Amino acid sequence: NLDGVQQYSQATPYLLKAVETNGSEPTFTDELSFNEAFLTSQLYEQSTGSAQEKLSQVQPYLNLTIKSSDSTVNASPNNVVFWKTRTKVFYQLAGIDSQYIVQALTAISKAVELAPTDPKIRYNYGLILGRVGQTKEAIKAFEDTVVLKADYADAHYALGLYYAQNGQKDKAREQMEFIVKRIGEDERAKKWLEENK
């Protein structure tokens, strides 16, 4: 419940106790792994010194976070929920060290494999592909997403932005117009259309 209201530091002692009591339950390590990632990110932001010094200060916590996530997916390798959490964990850690975005991409790829018709997973897959510079693959992921869920405004918007970035302004405009005309009021899409007349 504390996690549900983003009280991660207050929730962590309870999760640690749950893992201590029954460490073989992957639901507990799954929940703990994201808490650890979030708190490690906070600690990194509050640390002082160069980026390398800050990274050294939080390295033990990074190791614990990764260990919790590894334990979870190793215990239940075909549970899509755990791969979604692992994606969030490594995406969070990528704010500390960009090398972790590769593990986030690996995790979301596994989630896509396990749940190929889940539009939210496919959308997040596109976002991460875009973040690692795989623009064409990101576009394909967003195209697949809007096929899975035609009224997914965020996916249409992301697809439009990526089309524009890829020099396909007409396709970008189609996406933004689709949002405004078919899905509903969307200030982002309206603003894009105004700025790209």
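**Exercise 1. Locate the kink in helix α3 and state its angle.**

Solution. The bend at a residue is the angle between two fitted axes, one for the seven residues ending there and one for the seven starting there. In α3, a kink of about 50° lies at V58, shortly before the proline P60. Helices are DSSP runs of H or I with at least four residues, numbered from the N terminus. The structure is a predicted model, in which local features need pLDDT of at least 70 and side-chain atom pairs count only at pLDDT 80 or more, while totals for chains, interfaces and linings use all residues. Residues are numbered from 1 along each chain as its sequence is written, and side-chain values use heavy atoms, leaving out hydrogens and water.

**Exercise 2. Identify the buried residues of α3 and the helices against which they pack.**

Solution. Step one: a residue is buried under 20% relative accessible area, exposed over 50%, and partly exposed in between (1.4 Å probe, protein chains only). Step two: the buried residues of α3 are K54, L55, V58, L62, T65, I66, S68, S69, T72 and V73. Step three: these residues pack against α2 (26-46), α4 (80-93) and α5 (100-114). Contact means heavy atoms within 4.5 Å; not counting residues up to four places away in sequence, S69 touches S33, R86 and F90.

**Exercise 3. Which residues have the most contacts inside the largest nonpolar core?**

Solution. Step one: a nonpolar core is a set of buried Ala, Val, Leu, Ile, Met, Phe, Trp, Tyr and Cys residues joined through side-chain atoms within 4.5 Å. Step two: the largest such core has 49 residues, and those with the most contacts inside it are L62, L93, I96, Y100, F142 and M176. Step three: L93 touches A37, L62, T65, I66 and Y100, not counting residues up to four places away in sequence. In soluble globular proteins, nonpolar side chains tend to be buried together.

**Exercise 4. Count the aromatic pairs and classify the pair of Y8 and F34.**

Solution. Step one: rings of Phe, Tyr and Trp (its six-membered ring) pair if their centres lie within 6.5 Å; planes under 30 degrees apart count as stacked, over 60 as edge-to-face and the rest as tilted. Step two: a search of the whole structure finds six aromatic pairs. Step three: the ring centres of Y8 and F34 are 5.5 Å apart with planes at 75°, so this pair is edge-to-face. Step four: the pair links distant parts of the chain, with Y8 in helix α1 (residues 8-21) and F34 in helix α2, 26 residues apart.

**Exercise 5. Classify the pair of F142 and Y162.**

Solution. Step one: the ring centres are 5.4 Å apart and the planes are at 45°, so the pair is tilted. Step two: F142 lies in helix α7 and Y162 in helix α8 (residues 153-165), 20 residues apart. Step three: F142, at 0% relative accessibility, counts as buried, and Y162 counts as buried at 14%. Step four: Y123, F142, Y152 and Y162 form one aromatic cluster.

Definitions and conventions
Helix = DSSP H or I, 4+ residues; strand = E, 2+ residues; numbered from the N terminus.
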